[in-house]
Amino acid sequence: MTESPQTSFTPYQPKKGETYMGESQKEHFRQILRAWRDELSAEMERARHRMQDETVNYPDPTDRATQESEMTLELRTRDRERKLIRKIEETLDQIDSGEYGYCESCGAEIGLRRLEARPTATLCIDCKSLAEIRERQMG
């Protein structure tokens, strides 16, 4: 659930002559990001309650190890979600400052469909592809 928003939304249909990242487009992405953030926050809260309720002191070392392993995995997942929430907040700030929707590397428009698929994207598809190729070459 942490990789992309699972909220249902209607894909944005730009009107003829509408400027890229005009106010209605910005509001569309604000709604997507806020809904995603709220989903993640709710899941973190449910997980916190679940972890508190399910804590049992098992006498068997194998059962304890299994429980600790599950808790560790759960905590790592929650940490990823916490970082993602922070990234969503930063993205909302970018919308407010007018920087949202443009590639950090080349300045080109990222594109509405890419942003709907990955609302926290900061690179256009070409720059992202180049970055991934460099990553693979570097090891």
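A pocket is here an open set of grid points, on a 1 Å grid over the protein atoms alone, with protein on both sides within 12 Å along at least five of seven lines. In the predicted model described below, the largest pocket holds about 190 Å³ of space. Its lining is formed by Arg50, Met51, Glu54, Tyr58, Asp63, Thr66, Gln67, Glu70, Met71 and Glu74. Two elements, helix H1 (23-54) and helix H2 (61-97), each give two or more residues to this lining. The greatest share comes from H2, which provides 6 residues. Sorted by class, the lining of the largest pocket comprises 5 charged, 3 nonpolar and 2 polar residues.

Read from the N terminus, the order of elements is α-α-α-α. The protein chain has a radius of gyration of 19 Å, whereas a compact globule of 139 residues would have a value near 14 Å. Along the principal axes, the C-alpha atoms of the chain fill a box of roughly 70 × 40 × 25 Å.

Burial and contacts were also examined for the chain as a whole. Of its 139 residues, 32% count as buried. The accessible surface of the protein chain is about 9,300 Å², and carbon and sulfur atoms account for 49% of that area. When contacts between residues at least 6 apart in sequence are considered, 61% of them join residues at least 24 apart.

Two individual residues were considered further. Leu40 is found in helix H1, one of the helices that contribute to the lining of the largest pocket. The relative accessible area of Leu40 is 0%, and this residue is therefore buried, the cut-off being under 20%. A distance of 9.0 Å separates the C-alpha atom of Leu40 from that of Arg78, although the two residues are 38 residues apart along the chain.

Met21, in turn, lies in the segment before H1. Its relative accessibility is 7%, so Met21 also counts as buried. Most residues other than glycine have a negative phi.

Terms used. Residues are numbered from 1 along each chain as its sequence is written. This is a predicted model: local features need pLDDT of at least 70, side-chain atom pairs count only at pLDDT 80 or more; totals for chains, interfaces and linings use all residues. Side-chain values use heavy atoms; hydrogens and water are left out. On a 1 Å grid over the protein atoms alone, a cavity is a set of points where a 1.4 Å probe fits but cannot get out, and a pocket is an open set with protein on both sides within 12 Å along at least five of seven lines; lining residues have an atom within 4 Å of a point. Grid points are joined across faces, edges and corners, and a volume is the space filled by probe spheres set on the points. Helices (H or I, at least four residues) and strands (E, at least two) are DSSP runs, numbered from the N terminus. Ala, Val, Leu, Ile, Met, Phe, Trp, Tyr, Cys and Pro count as nonpolar, Asp, Glu, Lys and Arg as charged, and the others, Gly among them, as polar. The radius of gyration is taken over C-alpha atoms; the globule rule is 2.2 Å times the number of residues to the power 0.38. Buried means under 20% relative accessible area, exposed over 50%, partly exposed in between (1.4 Å probe, protein chains only). Contact means heavy atoms within 4.5 Å. Accessible areas come from the Shrake-Rupley method with a 1.4 Å probe; for residues, only the protein chains shown count as cover.
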